[in-house]
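Work through the exercises below with the structure in view. Each task is followed by its solution in steps.

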Amino acid sequence: MKTGNAMLKGWPDTLWIVRHGESAGNVARDFAYQQGLARIDLTGRDVDVPLSDLGREQAAALGRWFAQGREDGRPNVVLASPYLRAQETARLFRDAGGCPADTRIHLDERLREKEFGILDGLTGRGVRAEFPQQAELRASLGKFYHRPPGGESWCDVIFRLRAMMDTISLHHSGCRVMIVAHQVVVLCLRYVVEGLTEQEILEIDADGDVANCSITEYRHAPGAEGTDGRMRLVRYNVTAPMEAQQTPVTTKPDPIMGARG
């Protein structure tokens with residue numbers, strides 16, 4: 001992330017970070033755990049997993065919330081993970097009036113889901129059965145630093161998100177920006193924007209999952225006490241848009257592996 005005056009002047013006016021709506025993978029994960037299975041029943045690539053019917057309802061509810069003026073303005077920049085479930089969430093949000101109809105949805109691979117490598121598709125039980133050494137390493141190192149073969153640690157995700165924030169600072173200063181991505185991305189962006197420690201972000205994670213289509217909001221607060229001119233967290237994991245329209249709220253982790261990565 002940039003330092004000094006360049007960084008302080010380069011923030012968007014508002015930054016909303018949204019986790020995608022409930023996906024078909026979330027549903028498959030729940031079934032696997034309920035049945036005590038070692039592997040989640042998904043075919044094809046994780047990048048191609050679509051939203052569930054409920055996930056589509058959640059994305060539309062979020063769009064209507066913004067369209068009805070329930071926020072202080074609508075985003076004029078929308079960035080999304082290239083994963084299908086994030087793209088669908090962003091499109092349905094736009095189609096419901098959440099942002100102007102001609103708003104381009106910018107896909108950025110740095111917002112993709114955390115990669116789980118050889119552990120992809122396994123439940124916690126499956127990891128312990130098929131890769132006991134990896135289960136032990138993860139328990140020893142913790143999720144922040146553990147990198148499964150072919151996958152990423154939280155630190156790896158943070159590296160790419162620091163570059164993502166540089167891009168936002170460079171190209172979208174003063175804009176109202178929405179990011180649509182994944183649970184780990186939401187948490188790791190908090191780590192980057194707020195300058196948190198490993199312990200602080202893991203405590204936030206332990207408090208509960210990031211709800212599907214929930215809102216995390218930052219405002220640029222130059223001169224505000226304690227902010228050093230940086231972005232100020234206004235709210236985290238807010239589900240009011242779904243609750244207002246009686247759309248069920250879900251907080252299911254993405255279905256890559258049992259222990260959330």
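## Exercises on a predicted model

The model is predicted. The accessible surface of the protein chain is about 11,200 Å², and carbon and sulfur atoms account for 48% of that surface.

**Exercise 1.** State how many helices and strands the protein chain has, and what share of its residues is buried.

*Solution.* Start with the elements: the protein chain contains ten helices and six strands. Next, take the residues: of the 261 in the protein chain, 54% are buried. Finally, consider contacts between residues at least 6 apart in sequence: 79% of them join residues at least 24 apart.

**Exercise 2.** Classify Arg235 as buried, partly exposed or exposed, and list what it touches.

*Solution.* First locate the residue: Arg235 belongs to strand β6, which covers residues 231–238. The relative accessible area of Arg235 is 22%. Buried requires under 20% and exposed over 50%, so Arg235 is partly exposed. Leaving out residues up to four places away in sequence, Arg235 touches Trp16, Glu71, Ile215, Thr216 and Glu217. With Glu217, the side chain of Arg235 makes a polar contact of 2.6 Å. Trp16 is 219 residues from Arg235 in sequence, yet their C-alpha atoms are 9.7 Å apart in space.

**Exercise 3.** Find the nonpolar surface patch that includes Leu141, and classify the exposure of Leu141.

*Solution.* Leu141 sits in helix α6, residues 132–141. Its relative accessible area is 43%; this falls between the limits of 20% and 50%, so Leu141 is partly exposed. Together with Leu137 and Tyr145, Leu141 forms a nonpolar patch on the surface. The accessible area of these three residues together is about 280 Å².

Notes: Residues numbered from 1 in each chain as written. Predicted model: local features only at pLDDT ≥ 70, side-chain atom pairs only at ≥ 80, totals over all residues. Heavy atoms only, no water. Helix = DSSP H or I, 4+ residues; strand = E, 2+ residues; numbered from the N terminus. Buried < 20%, exposed > 50% of the residue type's maximum accessible area, 1.4 Å probe, protein only. Contact = heavy atoms within 4.5 Å. Areas by Shrake-Rupley, 256 points an atom, 1.4 Å probe, with all protein chains shown as cover. Polar contact = N/O pair within 3.5 Å; in protein donor to acceptor, adjacent residues only side chain to side chain. Patch = residues over 30% accessible without salt bridge, like charges linked within 9 Å, V, L, I, M, F, W, Y side chains within 5 Å. Salt bridge = Lys/Arg side-chain N within 4 Å of Asp/Glu carboxyl O.
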